[in-house]
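Today I'm going through the pockets, one at a time. Here is what I have open.

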Amino acid sequence: MKKGWKSSVLIMLLVAFGFTVMSHEFLAPDNIRSIVFLNTDLAVVVLGLAFIMAGGGFDLSVGYQISLISALISVMIVAGISPVFIVIAALLTGIGCGLLNGILTAYLNIVPFAATLATQVIFRGISYYISDNRVVTALPKSFRMLAKGSMMGIRFDLWIVVLCFLFTAVVFRFTFIGKYIRAIGLNEEAAWRSGIKVKRIKCLSYSIAGVFYALAAIIMTARKGVAGSNVGPGMEITGIAAAYIGGVLGQPAHPRIWSLILGVLTVAMIENRFSLISINANAQYIVTGVILILSMLFYKRKR
């Protein structure tokens, strides 16, 4: 199981090789930059999902959590609120959404799939209600700088990805929280019998993930220059697929956080390739699904 990360590497290399054979422009520097910069939000989402899925949980509400936060951003921008307070409100909203999911799954013992499916509908309703289906495009330059600005020659959204990556790696490798999450994912009953506060850890993991989703919503909204309910839906499918391909469930005892980035790059390459050719873009979902099945088979064999 310690060698499970090799499956993520193999899948990514096969996808990259296949697309390079189809077009030599695939590995052009400009295209590589496009793959990276257009998927920083996806990387943050997948790192957030790691806290939930490594603990045996699941989250279908990701897309509409992002939609809700983007809708909130649109309302606050129209009201002329400072970007600093907008970011704070977005992060607090992410924590609240995550905490709700945690309470439903941990304290009310609702199956994560059903609980987050229900909250997905709730978040969708709130998102469309507060935005009234309006889209705000006149975003303040100071807010757009959260994705477009740079420090030391590196864009801010990449800095956010790096910080999220380091935070996730430190938590899982050096803290009791990470160890408890892994223990719950391996055997929840055994974790409970050993004295771990399973319900609290589950709520904490969903809340941390909510913060990551909020950051992803901020990045996505700032990069696109559009705030509203239409930002985010569908991200749950892409994020979960990238998390599976990255092996978040393939090696719960020794998770390698960096392999999740390989999953993100694999999904990003698929989306990028199909956006460059005239084939129906919906075919990318077929290819992603096939690769997802292959990754599951690889990890099942390792386990």
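Predicted model: local features only at pLDDT ≥ 70, side-chain atom pairs only at ≥ 80, totals over all residues.

I began with the classes: 9 nonpolar, 9 polar and 4 charged residues line the largest pocket. Residues are numbered from 1 along each chain as its sequence is written, and side-chain values use heavy atoms, with hydrogens and water left out.

A pocket here is an open set of points on a 1 Å grid over the protein atoms alone, where a 1.4 Å probe fits, with protein on both sides within 12 Å along at least five of seven lines; lining residues have an atom within 4 Å of a point.

Next I looked up the volume of the largest pocket, and got about 440 Å³ (the space filled by probe spheres set on the points, which are joined across faces, edges and corners). Of its 22 lining residues, Leu38, Asn39, Arg223, Met235 and Glu271 lie nearest the centre. Helix 13 gives the largest share of that lining, 4 residues (helices are DSSP runs of H or I, at least four residues, numbered from the N terminus).

Then I turned to the second largest pocket, with about 280 Å³ of space. I found 20 lining residues, with Thr105, Ile184, Glu188, Val198 and Lys202 closest to its centre. Which helix gives the most to this lining? I got helix 11, with 6 residues.

Conventions. Helix = DSSP H or I, 4+ residues; strand = E, 2+ residues; numbered from the N terminus. Nonpolar A, V, L, I, M, F, W, Y, C, P; charged D, E, K, R; others polar.
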